[in-house]
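Hi,

Here is the structure I said I'd pass on.

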Amino acid sequence: MATGRTHRPATRSRGIPEATVARLPLYLRALTALSERSVPTVSSEELAAAAGVNSAKLRKDFSYLGSYGTRGVGYDVEYLVYQISRELGLTQDWPVVIVGIGNLGAALAGYGGFASRGFRVAALIDADPAMTGKPVAGIPVQHSDDLEKIIEEDGVSIGVIATPAGVAQQVCDRLVAAGVTSILNFAPTVLSVPDGVDVRKVDLSIELQILAFHEQRKAGEESNAEADTDADAEAAVAAVPPAPRGTTGAGRKGPDGDVPAVMPA
């Protein structure tokens, strides 16, 4: 099987927009679910709904792959799985190193989704001598002093940084100098890399802050709706004309007709 160091995806050379590349994994996830249910074909509308995009955008994205589907039939699920997997480079073996084996790094090491998508965790690396040799997810942790040797021997081109923010740039520099050209950064900091190196940042705190913004906005909309309801009720009460003087209660009707102004003793 080819390794990631010598074979790289052709998406850029074929002129596929980055926005389309970002949506390909969404399509692949939806298609894989259909494949597991032995669904042979799928319409653009059905697949777009499963991926969370509109069907026109999906058809445009697939046109970059040279896949247009069949009118009245739709797209062949298995062929699209292969097509997208090939375009994303998932038909190759991609050795990955994870640097920083704390709680997050250990969780990433045990994530089964890597292997199922063609990503092989080649090494776990940590600077703590007490971690050296300790198995995590069945893989012994190696010391960071051996980082460069590990990358060279395993032909690693993808590195995952799960270290504290203070050392992330230093780790990044060592990865790049050793030949890593793609980095997935979980450290809460922005990394500086040279041209030709791709960085994808995953910041869980930022995602939570965005969700907090939406929760606050929803709460504000509910409060405004309640305020509008109260204002409408007050306006309705204010619109009722007062009864004429000296006729308090006069003219009011109950279920049995007129209600007298003075009830008999």
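Let's begin with the largest nonpolar core, which has 23 residues; Y27, L31, V42, L47, L58, F62 and I84 touch the most other members. By nonpolar core I mean a set of buried Ala, Val, Leu, Ile, Met, Phe, Trp, Tyr and Cys residues joined through side-chain atoms within 4.5 Å. Buried is under 20% relative accessible area, exposed is over 50%, and partly exposed is in between (1.4 Å probe, protein chains only). Two or more residues of this core come from each of α1, α2, α3 and α4, and α1 gives the most, with seven. Helices here are DSSP runs of H or I with at least four residues, strands are runs of E with at least two, and both are numbered from the N terminus. Apart from this core lies another one of 19 residues, including A122, V156, C172 and V180.

Before going further, the ground rules. This is a predicted model, and local features need pLDDT of at least 70, side-chain atom pairs count only at pLDDT 80 or more, while totals for chains, interfaces and linings use all residues. Residues are numbered from 1 along each chain as its sequence is written, and side-chain values use heavy atoms, with hydrogens and water left out.

On confidence: pLDDT is the predictor's confidence in each residue, from 0 to 100. The chain's mean is 84, with 80% of its residues at 70 or more. A contact means heavy atoms within 4.5 Å. Residues 249-255 also stay under 50, and there the model has seven contacts beyond four places in sequence. Where pLDDT is low, the predicted coordinates should not be read in detail.

Some overall numbers: the chain has 265 residues, of which 34% are buried, and its secondary structure comes to nine helices and 11 strands. Among contacts with a separation of 6 or more, 58% are between residues 24 or more positions apart.

L58 itself touches Y27, S44, L47, A48, V53 and Y75, leaving out residues up to four places away in sequence. As for the two ends of α3, a side-chain oxygen of N54 comes to within 3.2 Å of the backbone nitrogen of A56 at the start, and the helix is followed by G66, which has a positive phi near 80°.

What about aromatics? A search of the whole structure finds three pairs. Rings of Phe, Tyr and Trp (its six-membered ring) pair if their centres lie within 6.5 Å; planes under 30 degrees apart are stacked, over 60 edge-to-face, and the rest tilted. One of them is Y27 with F62, edge-to-face at 5.0 Å centre to centre and 75° between the planes. That pair links distant parts of the chain, with Y27 in α1 and F62 in α3, 35 residues apart. F62 counts as buried because its relative accessibility is 0%. F62 also pairs edge-to-face with Y75, at 5.2 Å centre to centre and 85° between the planes. Since F62 lies in helix α3 and Y75 in strand β2, this pair ties together parts 13 residues apart in sequence.

Last stop, helix α7 (residues 147-154), where L147, I150 and I151 are buried. Their arc of only 95° around the axis puts them on the same side of α7. They pack against β3, β4 (119-126), β6 (139-143) and α8 (165-178). The exposed residues E152 and E153 are on the face turned away from that buried side. Just after α7, G155 has a positive phi of about 65°. In β3 (residues 94-99) you'll find P95, whose C-alpha is 6.0 Å from that of F119, 24 residues apart along the chain.

Cheers

Technical notes: A polar contact is a pair of N or O atoms within 3.5 Å; within protein, one must be able to donate a hydrogen and the other to accept it, and residues adjacent in sequence count only if both atoms are side-chain atoms. The arc is that of the directions from the helix axis to the C-beta atoms.
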